[in-house]
Amino acid sequence: MATIEAIESIVHAEGGRVFAALISSIADFEIAEEALQDACVRALERWAKEGIPDRPSAWLTTVARRRAIDLLRRRRTAPTPLGDLPEQPAPVRWRVLRLG
């Protein structure tokens with residue numbers, strides 16, 4: 001079982017490298033920050049129970065990268081907020097079809 005101080009020191013030491021790896025792969029600071037924070041929370045939860053893995057930096061990078069992919073997918077499929085829509089839709093030009 002790992003102590004919280006040991007986990008915090010590993011996260012502090014490896015966080016910059018993990019963040020740089022995320023930025024280089026997804027090129028979005030906001031998502032990279034959120035994904036890294038989520039990975040750190042998971043590390044605190046899991047490592048306290050199961051112990052620190054053999055390669056903590058690789059573990060953090062993998063969890064953060066997977067979380068970033070989830071966040072990117074959510075952003076892509078999220079509906080457009082009503083505030084971002086134009087107030088008036090563009091006018092529609094109807095064509096009258098004349099028979100005969």
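Guide: A polar contact is a pair of N or O atoms within 3.5 Å, where one must be able to donate a hydrogen and the other to accept it. The model shown is predicted.

Visitor: Which backbone oxygen does the side chain of T61 reach?

Guide: T61 is found in helix α3, residues 56–77. Its side chain comes to 2.8 Å from a backbone oxygen, and a polar contact requires a pair of N or O atoms within 3.5 Å. The oxygen that the side chain of T61 reaches belongs to S57.

Visitor: Is T61 buried or exposed?

Guide: Buried means under 20% relative accessible area. T61 has a relative accessible area of 17%, so T61 is buried.

Visitor: Leaving aside neighbours within four places in sequence, which residues is T61 in contact with?

Guide: Contact here means heavy atoms within 4.5 Å. With the neighbours within four places in sequence set aside, the contacts of T61 are V18 and A21.

Visitor: How many helices and strands does the protein chain have?

Guide: Read from the N terminus, the elements of the protein chain run α-α-α. The count is therefore three helices and zero strands.

Visitor: What is the handedness of the crossing, and which classes of residue make up the contact of α2 with α3?

Guide: α2 passes α3 in a right-handed crossing. Residues of α2 including I31, L36 and W47 meet residues of α3, among them W59, L60 and R67. By class, the contact of α2 with α3 has seven charged, no polar and 15 nonpolar residues.

Visitor: Where does A27 lie, and is A27 buried or exposed?

Guide: A27 lies in the loop between α1 (4–26) and α2. Its phi is near 55°, a positive value in a residue other than glycine. Exposed means over 50% relative accessible area. The relative accessibility of A27 is 65%, so A27 counts as exposed.

Visitor: What share of the residues of the protein chain count as buried?

Guide: The protein chain has 100 residues. With buried meaning under 20% relative accessible area, the share that count as buried is 29%.

How values were computed
Residues are numbered from 1 along each chain as its sequence is written. This is a predicted model: local features need pLDDT of at least 70, side-chain atom pairs count only at pLDDT 80 or more; totals for chains, interfaces and linings use all residues. Side-chain values use heavy atoms; hydrogens and water are left out. Helices (H or I, at least four residues) and strands (E, at least two) are DSSP runs, numbered from the N terminus. Buried means under 20% relative accessible area, exposed over 50%, partly exposed in between (1.4 Å probe, protein chains only). A crossing is left-handed if the near helix is turned anticlockwise from the far one by less than a right angle, and right-handed if clockwise. Ala, Val, Leu, Ile, Met, Phe, Trp, Tyr, Cys and Pro count as nonpolar, Asp, Glu, Lys and Arg as charged, and the others, Gly among them, as polar.
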